[in-house]
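Open the model in your viewer and keep the sequence panel at hand. We will go from the whole chain to single residues.

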Amino acid sequence: MAQPDSRFVATPSGKPRFTVDGKPFLVLGIQLNNSSGFPAQFHALAPAIARSGANTVMAPIGWDTIEPEEGHFDFSVVDAMIAEARAQKVRVAFLWFGTWKNAKMSYVPAWVKRDTVRFPRVVDADGYAIDALSPISEESEQADAKAFAALMGHLKAVDARQRTVVMVQVENEAGTLGADRDHSPAAQALFEGTVPAAMTTASQEPSQRASQGSWSSVYAERAPEAFMAYYTARYIGAVAAAGRKAYDLPLYVNVWPRQQPGLLHPGDSSPSGGAVSWLLPQWKALAPAIDVVGVDNYDTNVAPYTEIAEAYDIPGNPLYVPETGATMAHARHAFWTLSRPYAVGISKFGIDESFGLDGSTPKVEPIALDYGLLREAAPFLLPLRDAGHVRAAIEEDGMANVPMDFDGYDAVARFGPVRDGYGGPRGQGNADLSGRVIVVQAAPDKFLLAGASANLMFAPKLGTAGHVELVHVEQGHFKDGQWIVERTLNGDETAFGLILPPEGGSLMVTVQIVK
Ligand code: DGJ
């Protein structure tokens, strides 16, 4: 049995792999709502958490909860939540709601909120202090870092031997809302000064790398956002480093992305200073104690969803979606996300609305179906996925036939009823757009199909003679990475395609090309 352990392991691909207890781990998460990071709520939600199929609960911990008085820490809530997670047999990612929670300071303790001299606020362009701590303040940074280190030290003391807590999110959707940048006199002086070399050298844009000068001369109209990103990344980097020194556990941040059409003004319609995609390399360089920059992705349209996700799936930063929504579109996009090599996982925000606080609503959410199909398959799936042998096909409005390309084979996922037409049989689409499938090429002639509302067909690769014959088709499921056969399928069950029903299913299919 591997030692309790949780870490990102470097791989030759340049993307680190998330592992727990020595094995690749896929985060299939469910997030407690912001005011449910307490033992009673966690306990009441146990049936809903079980029904969600999640293997990891994302649980907020407010700075105001653990340090109500400066220097006096109370970890009883943390301890009780760890005990609750162990009873529910789920892992935990704690979310550190410190200086930033959705680009505001709502979770800082009252003694921080009240002392605006020691813990200065961001001042907007009109000279008003807003409800966000300034990222240029060393005093605030040190107070947050001290509290975070105390939390991490406590986790080490109570959890290092069991590792129920597998990762910690540092802050939440950091950045500032309500001002493009800090306009206080101290911040103004820094803004008029020279851009630090650590910022310019980390840029992806050659013109910025070569530049020296004031923020405005280097970044023009993007200067306020770049300025805030520099100080926010450094601040969070310092908080993370202090926490990591106390307990070496994987750390990540989550980003409120700005690529969504219409959200173009940093600090106005989205936070200024977060790790938005053009500032991602700078953030990675300035906050090296953070393993992964995750992106909260609620987009229901496939084009912006994948564009946002791809911007965070770069060398050194595997894709991680710490927050997504509850709709069928989110569940489809989850399949796409989880099929990306080295993807850390995904988590649905939140749980209270969809299941009721007492967890009694017997509703199976679309993403629960995904989790049910993938959770036990993960040990089998992940090594093949990271080696490039996995494809996902998802249905979209007007996109009911999705091709996939494998070594030696082409495949097509057809969604909805399959009817003959010009060019052969075609999927007509599902009314609820629920079609999604992950296909794993487990061996040259062997494929795992896991998904819902889909009908698959294989063909020899273009240019290869012959046709594909089904040699053997098993319906089954996984238990701890082992394939368990339920029955073999033949005759009527395979004559019209390899069918994954609306309630979801898994097939292990052996094929051959007959010439
Ligand atoms: C994003 C935040 O990170 C969450 O904590 C929560 O506030 C959701 N938005 C609500 O949609």
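Predicted model: local features only at pLDDT ≥ 70, side-chain atom pairs only at ≥ 80, totals over all residues.

**Whole chain**

Orient along the principal axes. The C-alpha atoms fill a box of roughly 80 × 50 × 40 Å. The radius of gyration is 24 Å, which agrees with the value near 24 Å for a compact globule of 515 residues. Contacts reach across the sequence: of those between residues at least 6 apart, 73% join residues at least 24 apart.

Of the 515 residues, 56% count as buried.

Colour by charge next. There are 42 positive and 58 negative side chains. The centres of these two sets lie 5 Å apart.

**The cores**

Hide the surface and select Phe94, Trp96, Leu155, Val170 and Trp215. These have the most contacts inside the largest nonpolar core, a set of 117 residues. In soluble globular proteins, nonpolar side chains tend to be buried together.

Another core lies apart from the largest one. It has 24 residues, among them Tyr409, Phe447, Leu456 and Leu489.

Centre on Trp215. Beyond its neighbours within four places in sequence, this tryptophan is in contact with residues including Leu190, Phe191, Pro196 and Met199. Ala223, Ala226, Phe227 and Tyr230 are also among its contacts.

Val165 lies in strand β9, residues 165–172. Its relative accessible area is 0%, so it is buried. Show what surrounds it: leaving aside neighbours within four places in sequence, Val165 is in contact with Ile82, Val92, Phe94, Leu155, Asp159 and Leu249.

**Two positive phi angles**

Step back to Arg163, in the loop between α6 (138–159) and β9. Its phi is near 55°, a positive value in a residue other than glycine. Is this arginine 163 buried or exposed? Buried, because its relative accessibility is 11% and the cut-off is under 20%.

Finish at Ser453, in the loop between β20 (446–452) and β21 (454–460). Phi is near 55° for Ser453, a positive value in a non-glycine residue. Ser453 counts as buried, at 8% relative accessibility.

Key: Residues numbered from 1 in each chain as written. Heavy atoms only, no water. Rg over C-alpha atoms; globule rule 2.2 N^0.38 Å. Buried < 20%, exposed > 50% of the residue type's maximum accessible area, 1.4 Å probe, protein only. Contact = heavy atoms within 4.5 Å. Lys, Arg positive; Asp, Glu negative; His and termini not counted. Charge placed at Lys NZ, Arg CZ, Asp CG, Glu CD. Core = buried A, V, L, I, M, F, W, Y, C linked by side-chain atoms within 4.5 Å. Helix = DSSP H or I, 4+ residues; strand = E, 2+ residues; numbered from the N terminus.
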